[in-house]
Amino acid sequence: MRVALATAVRTLPRAAGLAYEPKFDGHRLVVVRSAADVTLQARSGRIVTSAFPDLAAAALQLPAGTVLDGEVVVWHGGRTDFALVQRRAAATAARAAVLAQSLPASYAAFDVLELAGLDVRGRPYERRRALLVDLLLPLGPPLQPVPMTTDPELAATWYETLPASGIEGLVVKRLDQTYPAGRRGWQKLRHTDVRDAAVVGYTGTPRRPLALVLVLPVGDETPLVSSPLTAALRREVAEAAAARGATSGPRATVTAIGLGEVPYRALDPPLTAEVRHASARHPPPEVLRLRTDL
């Protein structure tokens, strides 16, 4: 199931016919309720049902032939905690059952793609939203529709006040819009200058990556070398590259500011990382986390 994507914007869009939703800081998750069981799919298409047995059990309440799009989050101390979602997603099946008790997951649904076997992606968002609310409100947690407003002033208030709860911004959609599967048909407004960058390679060795080679979504396809990785990120990159069989990828070189030509190992297909970046030249991008949910 190809999911809809969003383009980053720097200011809050204000126009008639727009809807605003809080952007939860979790893992993208498609819930597929078939006649027999439930399948949970990550944005990449990877099946992650075993990592979230609590959500799979809750989704059995949905009518057969239902497909939802949303975000899985874990609440801790009154706010969502992305690190705990990562922990849940990486757990083995045996460990997942234990974590489901100590770190229960919640599902913030923001769209319905199929209902009772009927594909509703071609219907306007406003109609799909009504179907989603009617479907989930009677069920209650952990399956819940995300809040939504058409009032830009309320959306601006959410943007300023909800970060304390772990909300990282807003997603903006047109009320008359069909579901843009596989396309960047939505808009997202984040609080910091954080972007999703393509990880096309890494410097160092397969067991000890030192920095990432990134392509930023700014219209310039010139690769950049990130700032040095933390120990935790080095482990994540090594594991992700090994899982893709990319530890012995082709070698190439990239020009790094102050370092000249730097050799690196290419990754194909690329990974995705969240980075903080001030400019296209200086300082180098800071890698915040690897998006292993993509």
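Predicted model: local features only at pLDDT ≥ 70, side-chain atom pairs only at ≥ 80, totals over all residues.
**View 1. Lys 173 and Glu 21 pair up in a salt bridge.** The N to O distance here is 3.0 Å; a salt bridge means a side-chain nitrogen of Lys or Arg within 4 Å of a carboxyl oxygen of Asp or Glu. Lys 173 belongs to strand S10 (residues 169–174) and Glu 21 to strand S2 (residues 18–23), so the pair ties together parts that are 152 residues apart in sequence. Helices (H or I, at least four residues) and strands (E, at least two) are DSSP runs, numbered from the N terminus. Lys 173 is buried, at a relative accessible area of 1%, and Glu 21 is buried too, at 2%. For the labels, buried means under 20% relative accessible area, exposed over 50%, and partly exposed in between (1.4 Å probe, protein chains only). Searching the whole structure turns up 13 salt bridges.

**View 2. Arg 289 has salt bridges to Asp 25 and to Glu 274.** With Asp 25, the closest N and O atoms are 2.5 Å apart. That pair links distant parts of the chain: Arg 289 is in strand S17 (residues 286–290), Asp 25 is in the loop between S2 and strand S3 (27–33), and they are 264 residues apart. Arg 289 and Asp 25 are both buried. With Glu 274, the N to O distance is 3.0 Å. Glu 274 comes from strand S16 (residues 260–276), 15 residues apart from Arg 289. Relative accessibility is 14% for Arg 289 and 3% for Glu 274. Salt bridges with shared partners join Asp 25, Lys 188, Arg 190, Asp 196, Glu 274 and Arg 289 into one network.

**View 3. Helix H3 (residues 93–102) has Ala 96, Leu 99 and Ala 100 as its buried residues.** These residues cover an arc of only 110° around the axis (taken from the directions from the helix axis to the C-beta atoms), so they lie on the same side of H3. On the other side, Ala 94 and Gln 101 are exposed. Helix H1 (53–59) and helix H2 (82–89) are among the parts covering the buried residues of H3.

**View 4. Leu 40, Phe 52 and Leu 68 touch the most other members of the largest nonpolar core, which has 33 residues.** Such a core is a set of buried Ala, Val, Leu, Ile, Met, Phe, Trp, Tyr and Cys residues joined through side-chain atoms within 4.5 Å. Elements that each supply at least two residues include S3, H1, H2 and H3. Leaving out residues up to four places away in sequence, Leu 40 touches, among others, Leu 29, Val 31, Phe 52 and Leu 55.

**View 5. Leu 210 is partly exposed, with 42% relative accessibility.** From Leu 210 to Arg 234, the C-alpha to C-alpha distance is 6.7 Å, with the two 24 residues apart in sequence.

Conventions
Residues numbered from 1 in each chain as written. Heavy atoms only, no water. Contact = heavy atoms within 4.5 Å.
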